[in-house]
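Open the model and keep the residue numbering to hand.

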Amino acid sequence: MQRYPSALVLALLLGLGTATAGVPPTAAAVPTPTSSGASPGASAGASSGASTDRIVEALNRSAHPLRTVEPRGDTGELRPLDRMIGDARVVGIGEATHSSHDFFALKSRIFRHLVEKKGFRTFALEASWSTGLRLNDYVLHGKGDPRRIMSDEFQGDYRWWNNTDYLRLIEWMRAYNVRHPHGPVQFMGDDIGWTGPEVYDAVTGYVARTHPELSARFDELYRGLRPTVATGTYMKRYLDTPYAARKERADRTGRALRLLMRRPPGADRVAFDRAVQNARAIDRTARQYAFAFDDPAQLAASMRYRDRAMAANVVWWQQHTGTKMLLSAHNGHVAYQTPQPAQYPRTQGAFLRDSLGPAYVNVGLTFDRGSFNATGSDGVIRRRTLGPAGPRSNERTLDRVRYRNYAVDLRTVGSPARAWLAVARPTRSFGTAYPAGPYDIALGRSYDILIHLHHIAAARLRDHP
């Protein structure tokens, strides 16, 4: 079987369904996009002009306007969103691209509002567990320089998070904690593509303090795994490692995890639980790479594993901190249904709904036109600009609603829009690479809430010319 280049596999692992440029059809079947972003001849659920008018009228009755996406000023227009969220403890908010300012800024605006009005205290990002721990040390204690941490951690296909919008959010979180030391906000990373050296040190340090007789065994099991190079370099080298060696590494990390879990927790249960979770993070990274990526079925299994692990990390954090959380990820991760079941069998949102039930609510984000950053087949980041969405797309109808930007509760929208929302039709979805999609998505089956933006602009990336 063909062995895909490590850079491409990384893009697939971290890009969710949209990093498909250059993938053979057996690994990812992608419709050919037109300049408008709609598939030629796509007609699923196409509506006549008259029925579309009635659909738009129903959406008009349910839509609530958004004044701005920028994270400043009065947030009174977000009160209807509060009612839609209700008593949810985890709110997943997606994005139709992985690098647009408007999506990042809007999430920051919503998070600040939820912190101040609904008691939310954790911002969770589609970034590695260890990255979240480093940034949380800054947010909670002022430890380190967030610019340096972001440059260190957000490499490879995490580089999209190294942007000015997230830097401002992290700095706001730190400033909030200085003002509110008794009710601090926290930053959490739920992904598994990388586990930094400090997590290995935390596990081995805990073992040395509580079970020193096991220290030599843990050193042996973690031999050669603790990163000594930059994040992006480490991930690429890991993928370039032969499959048998990757399997052997996962076997060792699994043995280390089980060995620790069999120990009694002792007097400090919190420290024990955190040590186990850190050992689990190490094991999940190793297992994420322990698939035969030249086999399409194994590649799909790795995608399922990743989303399940990300959901489990979110559930662990929510249960152990007791905080309400905003989860930021791609639309495809927070959704309940996957638009690519052959390549991405099950989503993080579906796993979260299994674990949390109604305590998990999700929000999909769509747009009609604008720009975003993405790589091409050569791996170079470029700004991509799209005009209005195609005539048979979800976005074409959504953009006819009377508000430029708005939120709508898809669970309560009236007829005939409810039936329209239940039909899959072409929808834009871009992750790390372009071109990609569009994908046939039934919005009403995928999301509880939808936010539609008329126009978006590319994010400003740090450390990128």
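Start at isoleucine 85. Leaving aside neighbours within four places in sequence, isoleucine 85 is in contact with Val91, Leu114, Lys118, Phe120, Val361 and Ile449. Isoleucine 85 sits in helix α3, which covers residues 79–85. Is isoleucine 85 buried or exposed? Its relative accessibility is 3%, so isoleucine 85 counts as buried; the cut-off for buried is under 20%. Now look along the chain to aspartate 409. The C-alpha atoms of isoleucine 85 and aspartate 409 are 9.3 Å apart, although 324 residues separate the two along the chain.

Step back to the whole chain. This is a predicted model. The chain has 18 helices and 11 strands. Of its 465 residues, 62% count as buried. Take the contacts between residues at least 6 apart in sequence: 78% of them join residues at least 24 apart.

Next comes helix packing. Two packed helices are described by the angle between their axes and by the distance between those axes. Take helix α4 (residues 101–118) and helix α7 (residues 164–179). They pack at an angle of about 15 degrees, and their axes are 9 Å apart. That angle makes α4 roughly parallel to α7, since angles under 35 degrees count as roughly parallel. The crossing of α4 and α7 is right-handed. Which residues of α4 and α7 meet? From α4 come His101, Phe104, Ala105, Lys107, Ser108, Phe111, Arg112, Val115 and Glu116. From α7 come Asp165, Tyr166, Arg168, Leu169, Trp172, Met173 and Tyr176. Sorted by class, the contact of α4 with α7 has nine nonpolar, two polar and five charged residues.

Some of these names return in an aromatic cluster. Phe104, Phe111, Phe123, Trp161, Tyr166, Trp172, Tyr176 and Phe187 form one such cluster. Phe104 and Phe111 belong to the α4 side of the helix contact, and Tyr166, Trp172 and Tyr176 to the α7 side.

Helix α5 (residues 129–141) and helix α6 (residues 146–153) pack at an angle of about 175 degrees, with axes 10 Å apart. Angles over 145 degrees count as roughly antiparallel, and α5 and α6 are therefore roughly antiparallel to each other. On α5, the contact uses Ser130, Thr131, Arg134, Leu135 and Tyr138. On α6, it uses Pro146, Ile149, Met150, Asp152 and Glu153. By class, the contact of α5 with α6 has five nonpolar, two polar and three charged residues.

Finally, turn to the aromatic rings. How many aromatic pairs does a search of the whole structure find? The search finds 21. One of them joins tyrosine 238 and tyrosine 289. This pair is stacked, with 4.6 Å centre to centre and 20 degrees between the planes. It links distant parts of the chain: tyrosine 238 is in helix α10 (residues 231–240), while tyrosine 289 is in the loop between α12 (269–288) and α13 (296–321), 51 residues apart. Tyrosine 238 and tyrosine 289 are both buried.

Phenylalanine 372 and tyrosine 434 form an edge-to-face pair, with 5.9 Å centre to centre and 65 degrees between the planes. Phenylalanine 372 lies in strand β6 (residues 360–375), and tyrosine 434 lies in the loop between β9 (425–427) and β10 (439–441), so the pair ties together parts that are 62 residues apart in sequence. Phenylalanine 372 is buried, and tyrosine 434 is buried too.

How values were computed. Residues are numbered from 1 along each chain as its sequence is written. This is a predicted model: local features need pLDDT of at least 70, side-chain atom pairs count only at pLDDT 80 or more; totals for chains, interfaces and linings use all residues. Side-chain values use heavy atoms; hydrogens and water are left out. Axes are lines fitted to C-alpha atoms, for helices over the stretch in contact, and angles run from 0 to 180 degrees between N-to-C directions. Helices (H or I, at least four residues) and strands (E, at least two) are DSSP runs, numbered from the N terminus. Angles under 35 degrees count as roughly parallel, over 145 as roughly antiparallel, 65 to 115 as roughly perpendicular and the rest as oblique. A crossing is left-handed if the near helix is turned anticlockwise from the far one by less than a right angle, and right-handed if clockwise. Contact means heavy atoms within 4.5 Å. Ala, Val, Leu, Ile, Met, Phe, Trp, Tyr, Cys and Pro count as nonpolar, Asp, Glu, Lys and Arg as charged, and the others, Gly among them, as polar. Rings of Phe, Tyr and Trp (its six-membered ring) pair if their centres lie within 6.5 Å; planes under 30 degrees apart count as stacked, over 60 as edge-to-face and the rest as tilted. Buried means under 20% relative accessible area, exposed over 50%, partly exposed in between (1.4 Å probe, protein chains only).
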